[in-house]
Every structure is written in structure tokens, then in C-alpha cells.
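Subject: Two-chain structure for your review

Dear colleague,

I am handing over the structure that I have been working through, together with an account of what turned up in it. Please look it over before reading on.

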Amino acid sequence: MSVVKKKKRVSKKNKKAWGKYSDIRDVEEFLEDQRLEERLGKFDTKPDSELFVVDTAGDNEEVKVEADVKPLSRKLQKRAKLNEVPKCFEVLLPTSKVQDPNKKRNHVNPIGFKPSALSKLREKRQAQKGVFEKKLVEAKKNRKMALDKKRKAKQVRQNFGLDLWGKDLPASKGIPETLVDEFISEEAQLHNVLPTQRLRPKPPLAKSVVTRAAVETPHPGVSYNPSYQEHQDLLRQVGQHEEKMMKKEAHLHRVTTGMFRRVTQAEKENQWREEMSSGLPQPHNPAEDPDSDTDNEYKAVNPPVKNKKKDHKTRRKQKERLLEKERLKREKIDKQKITDLYKLRKLQSSIKTREQKQASERTKRAEKRAATEATALPTLSAHKTPAKEPDFVDPKQLSGDLRNIQANTNPLRERFESLQRRGALAASKIMMKKKKKLKSYFKAGHKVTEKDIEKYVTRNVGKK
Amino acid sequence: MVSKKKKKYSSGEGAQFMTRKAALKKLQLSLKDFRRICILKGIYPREPRNRKRAQKGAGGIKTLYHTKDIKFLLHEPIIWKLRELKVYQQKIRRARAMREYRNMKKFLRDYPDINIDHIVKERYPTFVDALRDLDDCLTLCFLFSTFPSLKKVPRDQSMLCRRLTVEFMHAVIAAKALRKVFVSVKGYYYQVELEGQTITWIVPHHFSFQPQNKDEVDFKIMSTFVEFYTMMLGFVNFKLYHSLNLVYPPKLTAAFSADDKELIDEHAYVAERIAAMNLSLARVEGSNEAEELPEIDIFNTEDEDPQKLEEAKLEAEKIKKLKTMFKGLKFFINREVPREPLVFIIRCFGGEVSWDKDHFVGATFDESDESIAYHIVDRPTMDKQYLSRYYVQPQWVFDSVNARTLLPINNYLMGAVLPPHLSPFVDKTKDQVYIPPEEKALNDPNFKPLDDDQSGSDIEEASDEDKEDEEEADSEEDGDAEAALAKQYQQEVEEDSDSDDDEEGVDPEKKKLAKEKKKAMAVTAGVPHKEHPYQKEIEDKQAFRLREKLVRKKHRNLYKSMKAGQEKRKKEIWLLRKKRRLHDEKAKEEKKVEKRQKRQQALEQASA
């Protein structure tokens, strides 16, 4: 304050500069005083008793009464120090008063939590002495109880003592109790469900899984005692299926194996000989030479082309011909235009019939597609899904009584394939693990005797 | 500034699908675990519309999953469990390798189970949903219940299947829910109606377990399916039992408890299983047994036509009858008959069953019991027969259930050649087909062909049927008697009035006056409005045609084609009927001619 400021000429041109360089301390002090007075009242009006206090204590400092405490011994001092946090570690302590939000972090087991080698030894010795006898027995009992409890809990899961669909209470959905109120919106309730307890809506299943029946209604002909017509119907179905398969197979054969010409071994040999000897100089055979009879005049394979010019007349004729052709064409089109005007109705009707035909074909195609889609086998993997084959019941097997029924189908495989056909499983081929063949050798050495060799040779005789 | 170039396959079908390998990577699971969790959660591979795009340009056929499905799996808490189990499996593997068998055994014993209750609830939010999907579940569980312990199947699984299936059958028995049975070469088809849902399943014939080819079926996968299905079936059973006021779990025979580790042979198992089915279950205290369904309430809805309602009513009536078809009847099953299906069916409709107590456990009454009504036999003859009972073949039971009444037993008696066992699963809505009279007679016992000349049949009619016929005849006679009485009464009244007239004849004029007065006072007898059936028919037809005109243009073609089809089928049926009639007449004529010739021959011979 005492430092005298050097006066400086400052421009107080605008409002900001004015505020910055003018001294307003005295005004502020005054205002502060005023505010104080407003708060506390005026000094003039207050009684003395409020403003002043009678000093009774005096200026003397308090005399400390020192107790007769003996200074600690060196040992005790050291021991007291043990409880203190060492200076060097004080840095690690938290200086903030804010509590750790996660107190469990870095839990360190206290000393003595884990049995040390020494403590184990001591306990063993004490156990031998019989100090812990009762404790041991108790511990054994407790352990057994815990085991039983665990086992029982495992069995309880197979008792299904739970009404899964009965309780539609909010608590069963994992909604906290505090939010169970009719005024709280459902979204808010569900928002607070723990992620592990939340039942999420499942994405919808594939159409084939949902719509196709798990157990298809059987053909009436598979009855153990079918009526004649129904059985014949079944047999007819089987026959048709078989025929279709045979046709397919024949087609495949024709298209693949049957497509190639068959060659006998001798022919093959000849072909090979020919191919291998092509381009090699052949011995001259006068009988084979076709040109031997003709005279020795030279004849080119492609005689030279002469550029023969057309004269004016031919050029003109050509041009005229072209123009005439063009004119005729134009004329024809013009004529067509006129006749088309009269044909309009016919055209319209033809267009209409064509459109109708197309529409009907479209619907037919759509129907056909829908029908094939309904039974189409899903391709979910590189393997082919097995198609359903009609059940074949051999008439010889039909005995008509329940005792002698013979089943020729494997129900488990049927289930497996049904799952594949519905698209619940990708078609697969089980890859069998090949047993590794171990090859054993006999290490030859100088200590090998005849007996050893014989033993090695005859080692597998007994097994086979 | 140029916007960033969109990468190929980052949207659309390319982003919608995910290969299995990518899914494994995303979920951090092994293929084995992934397969398992997919089956448990009901996530199946998908077929893309455009494979090339879905596989992000890669060729070949890969197994694809929806990305959404995989994301859904990602939230499953079980995935964490599976990852934890991996550690456990490592421990077991290590113990085995180190030959610490004690530890290994301990680990195996304490192997943590995965709880999948919430998955069942998640996949089937309501009970009806679970019932709707029970077909596959039941078929697989019944199949697995016949399996011995196999290499890839957990040991307790087939045992659990056995227990749960028997429990379910008990629930069906208590609910009287069985509707149809079909005995096929593959096995028994059962159809049940629970909570308005029809459930169909197959029970294989009881052969001893057939060894499976190793490369036909993946046992591991099927066992995982069964793992989920047993869980589901357990909860369904619980719910069913509670809705039927039964105690769950029911106390069945000892063979079904899991701790029982005694080695019992297959036949003993089967016997126990059937014996368990013949028990009656404990009911919850304070519940009344008779729970009759109320009659169908009729609500007036606009679209419902009265014919349909009538049909529904009839159906309900039939089912009501079916439920108590065997009530109070006692059945005895002979030794050679497969007992399991018969016990189940007979008990379903209120009958009582027993069998030879020397051969199998669980017989409730003896063969010599006089109150036995039916003895089920599957052999041509028997040495000792009781007069008080009918000896029928097992097919009678199945056919009776499908016909929903007790069929006349004359076709099913011991040693008789059985009529064919028809499938009840034939679509009844396709009624526009020709049914030969023989089949009609089989379906409907009341049906009588018009020219019935089967008096020569040598099998005697069942006495029950006879009685019924007699009763019917009685009722007809009663009706006739009533009519006669009414007639008589009318005559008497007329006579009375006549006699009155006679008595009064004193003053003719007065009489005349009185008569006139009377005439003036007389009330002409009202003529009851008579409906002319023919007239009504015509009116109806006209109304129908008018209604036909109201068919929308959109549906007109469909309607026309439907009508044309109906006409065509009708015509075919008519043609076949005609053919049959002509054939029958011809046959009759020939028969007559033959008879006459025979008689003539006999006469000639006699004369000669």
C-alpha cells in the first residue's frame, strides 16, 4: 500500500477502461460498513453490556500441571514405535477424507490366516497329545453335513419342486421390491432388473422349426393290422418313391459315366502309340501317297486374290437397288400404320389375354414355390439333409397280432433326422476317430539273444 | 469432404449372419460347449436367402447363425458357468493323468450342475407354450427311457426319463386326457388333449435295446436335447399334478429313485414300470375328486353358425362319454399281451386292470375274480375259460377308444379274424370321399346298410348289443302305445260331443236358433301354420343364391373353384355308389339264380 504508484496516464475512454483504472475502494468499504450495520444493527443504539465484556481471567498464562510420568524405557519405546506407521510408509496412506468406494479391493490375508509349516507342526503335536480331540470330531461331522447338504441340493434339482409358470410376481422377474408399485412404469421396472436375472425376448425362430410338426401323422398303412387298401396305398407310395430314385440314378449315370466313350485296352494302346509317334518321321509308304499319280504341277493351297474393280454401271445399279429396297420398306411400314388403326381392338384383346395368362401362370408358380418351400430341406451345412422316406411295411411282416411285430426302423435315427429336417440341427456326418496303429520296432543290439527275438515275433499270436 | 467409404458386408445380409467359427470366437467357447448351449437355449442355424452375401463372399456352404441370436446368447449367465466348468474339467484331467484317482473321484462327485430352470421359463413363457412343444420332448424321453447306460449319455438320464414319463402318464390318467391311439409297426401313437392342446407322441414297442450304429446318430447331441427336455417335462409334470390336485412328486415304486443302485435286469424294470402305472396317486387333502367340466356356454357371436355350434356340442358330449368309457369295468390281461399300452389306456378311461400275479409284480386282483368283465387275450384258444367274462383281443381296446364307444365284441372275440386297425389320424375334414359300406359300418356301429342280409353270419351277437336293441324296440312300442291312447281319447271326446247332441234333441226351432247363435259365437279353429318343406327348400335355395352373389370379387374365383371341386367329388362319390349298387344287385341276382338252379337240381334229383 505504501508504495506510491507511479502515476500513469491512462485512457478511460470506454466503460471497461473506466472500471479498470478508477479507484473504488472507499466506496466499497462504505458499502461494506453499511451492510454490516444492516445485519448487526447500529453501534450507537446498542447497550454497553452487549458490546463489552469484563475481563476476569487476567493476562496470566495457564500453568500446566505436569504429571509424574517416568520416561519410557528404551525397550518400551521401541515397542510403542511398533504400532506406529513408519514414516516411510506414510506416503502410501490416503490423505483424502473420502472413503474408498471399493473397500474389498486388494484384500490381503492377515498374518496367521494360512497355516505355516511351524504352526502345522505344532498343531500336529497338540493333536497327538489329544488337545483337539473334540474339535476334530466336530470338524469331521461338519464336513459330512456339508457334503450331504450338497448332495441333497443336487437331487433337489431333479425333484422339480417349483411352479415355473405359476408365480408371475414381480419378484420372480427379478424386479427389486422398492420398484414394485403401480405408479412406476414397466420399462423403469425392467430397467432395474439385474442383467443375470433379466429374461430377454428371444429372437423369433426360423419358420421351418416352428411350423413343421415334430411328430408327423402316420400313414394309415403303417398300422400293425392295416386295411387292404391302405396298405396297398402305402406300397404304391413306396414304389413311386423308389421309381423316382431309380430314375434319378439313371439320369446321373447317363450324364456322368455314360457320357464317356468306352475304349478297349487294345484301342487304348493304339491310341497311345499314335499320339506318342505323331510328328516323328514316318517311313515312306508309296501306297499311301495320294499325289503320286498326278503330274508335278505346283498348286498353292490359297491362290492369290485379284482386286477386280467394279465399273460405273454396276455401282449405279447397286445404289438403285438399295434405294428401291428402302422405299418399299418405308411404304410397307406406312401401310401397316394405317391397318393397325383398324386392328386396335384385336390388339387390345390379345394383350389382355396375354396378361391374363401371365397372371395365372404367376399365381401357379407362386403356389408351387410355396408348396416346395413348405417341405424343402434346409441346407444348414455342407452335408445334405436326409430326405424323408416313406415307411415300408413288408406284407410278410404283417402278422396281425401284437406279439410278433417287427420294426425295421430305428426310432432314434428318425428323431435325429426329423430334427435335421426341421432345421434344428445342421446335417452332419459323424467322423469316427481312427485308431492309430502303433508300429513297434525291435531295437537290434549286441545283447539281443535268440530268445528275445522269438518273444518279439510271437508276441501278438495269443491276441489274434 | 468425401464421406468415408462404406465397407462391404457391413450392413444388410452380410452383417445379419455369422459363421459358426465367428460365433465361437465371439462367445469364447469351445465347439462342444457352443453346441450344448445352442441346444439348451433353442438357437438353431439359419438358412440365408443369398448365401454368397451372407458368407461375405466366401464360397462353399458354411453353417450360419443370425448375429442377433449370437448376441442373445452373449447375455446368458450360463456361459460364465461353462467357462468355470472348463477349469474343473482341467482339474479332473490333471488328476487322471497324475493318477490321483481319489482326487479325481472327488472332483467327479462334486462336479457342479448347471441350473437351467430359467431357460425353460424363457423359452416357454406360458404353460400352454410348453404343452405345445411337448411332442418332441415326450417322444425322445420315452425313447431314452428304454436305453441302458451308454457311453455318451449321463448315467442318470435314462433313469430320469423313466421316472418322468411314468409321472406324465399318471397325469394323463388322472386328467383322462387320452383321445386317440394308433398301433403302428413303429410303435404306439398316442394323442392327448391337455389344456386345449393336442399332444401326439410315439412310444416304441418294447424290444430290448437295439445296439445303434455308431455313425448314424450323434448320441452326445441327442443327450443334450434330452437334458433340456427332461427339465421341461419335470416342470410340466409339476404343473399338471398341481392343476389336478395331486401330490408331486408321486410315490411310485422303489425302482424309480435315483439312489437305488441295485442292478436289476431289464424285465424287472419293465414290470416295475407297469406296476407303477397301476397305482393310484395321493390327492391333495381337501380337494374333491369329481371335477366335471361345465356344459358349453353358448355365446351369440355373429359369425358362428348354429351347425358348427351343434357339432361342437356333440363333440363335447362324445368326449364326456369317452372319458368314462371303461368306468367300473374290470380287465384282466393275459400273459402274452403287451401290458404297458393296455394298462395305460384302460386306466385312462376309468377301468381297473390286473394281470397274472405269479409272473409280474403289481397285480391288484386275481384271475379267478368273478367280477372281471373282459379278459384280454392274444392267442387262438384257452384251456380254462370263465363264463362270466368276454375273451377279447387287445385290438378291441384300441378300436373302442378311437370309435369312442364300446364296440360290439363279436369281431374281436378270441380267435376271430380281426377287422383292420384303422388310423384315427386321418383328416376328418376331407369328408367328400367315397366310403364303402363296410368301412362306414366299422366307424359307426349304428349304421345299417339298406339291403342287409347278414342273417347268415355265424358269429353270435354280443348280449349287450341285443339288450340295447330290445330296449330300443321297447321304447318304440311305448311310443306306439302312447299314440294309440291319444287316439282313443280323441275318439271318446268326439263320441261325447255326439251324445250331447243326441240328448238335446227336443225343440228343433230352438235348436236352430241356438245353433245360429252358437255359429255366431263360435270361434273357428285356428289352422296351425304348416311349413311346406318343399317351399322352404326353394326359399332357402334362393336365399343362398342371393348370398352367393354377395361373395366379393376377390374371392369369387376361389369360391367358384371350390364349388366346382365339391360338385366333382360329389359326382365321383355318386358314380362309385352307383357302381357298387349295380354290382351288388348283380351279385344278388346271380345268387338268386344259383339258388334256384340248386333247388331245381335238388328237385330233379329227388324226382329222379
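How many helices and strands does chain B have? Chain B has 21 helices and 9 strands, and please bear in mind throughout that this is a predicted model. Chain A, by contrast, comes to 13 helices and 0 strands, so that, by the definition of these elements, its run from the N terminus on reads α-α-α-α-α-α-α-α-α-α-α-α-α.

The two chains can also be described by burial and by the reach of their contacts. In chain B, which has 608 residues, buried residues make up 28%, while in chain A, which has 464 residues, 8% count as buried. If one takes the contacts with a separation of 6 or more, residues 24 or more positions apart account for 62% of them in chain B and for 51% of them in chain A.

As general background, nonpolar side chains tend to be buried together in soluble globular proteins. For B:V172, once its neighbours within four places in sequence are left aside, the residues in contact with it are B:A177, B:L178, B:V192 and B:C348.

Where the chains meet, 71 residues of chain B are in contact with 58 residues of chain A. On the chain B side, at least two residues each are supplied by the helices α5 (67-74), α8 (117-123), α10 (134-144) and α12 (219-243), and likewise by the strands β3 (178-183), β4 (187-194) and β5 (197-204).

One helix pair spans the two chains: helix α12 of chain A (residues 411-422) packs with α10(B) at an angle of about 150 degrees, their axes lying 10 Å apart. Since angles over 145 degrees count as roughly antiparallel, α12(A) and α10(B) are therefore roughly antiparallel to each other, and the crossing in which α12(A) passes α10(B) is left-handed. The contact is made by A:P411, A:L412 and A:R415 from α12(A), and by B:T139, B:L140 and B:L143 from α10(B). Sorted by class, the residues of this contact are 4 nonpolar, 1 polar and 1 charged.

A further pair lies within chain B, where helix α6 (residues 78-97) and helix α7 (residues 101-109) pack at an angle of about 155 degrees, with 8 Å between their axes. That angle makes α6(B) roughly antiparallel to α7(B), and the crossing of α6(B) and α7(B) is left-handed. From α6(B), the residues B:Y88, B:K91, B:I92, B:A95 and B:R96 meet B:N103, B:M104, B:F107 and B:L108 in α7(B). The residues of this contact divide into 6 nonpolar, 1 polar and 2 charged.

With kind regards

Definitions and conventions:
Residues are numbered from 1 along each chain as its sequence is written. Chains are lettered from A and ligands numbered from 1 in the order in which they are written. This is a predicted model: local features need pLDDT of at least 70, side-chain atom pairs count only at pLDDT 80 or more; totals for chains, interfaces and linings use all residues. Two residues are in contact if their C-beta atoms, placed from the backbone, lie within 7 Å. Helices (H or I, at least four residues) and strands (E, at least two) are DSSP runs, numbered from the N terminus. Axes are lines fitted to C-alpha atoms, for helices over the stretch in contact, and angles run from 0 to 180 degrees between N-to-C directions. Angles under 35 degrees count as roughly parallel, over 145 as roughly antiparallel, 65 to 115 as roughly perpendicular and the rest as oblique. A crossing is left-handed if the near helix is turned anticlockwise from the far one by less than a right angle, and right-handed if clockwise. Ala, Val, Leu, Ile, Met, Phe, Trp, Tyr, Cys and Pro count as nonpolar, Asp, Glu, Lys and Arg as charged, and the others, Gly among them, as polar. A residue is buried if 20 or more other C-beta atoms lie within 10 Å of its own, exposed if 12 or fewer, and partly exposed in between; C-beta atoms are placed from the backbone.
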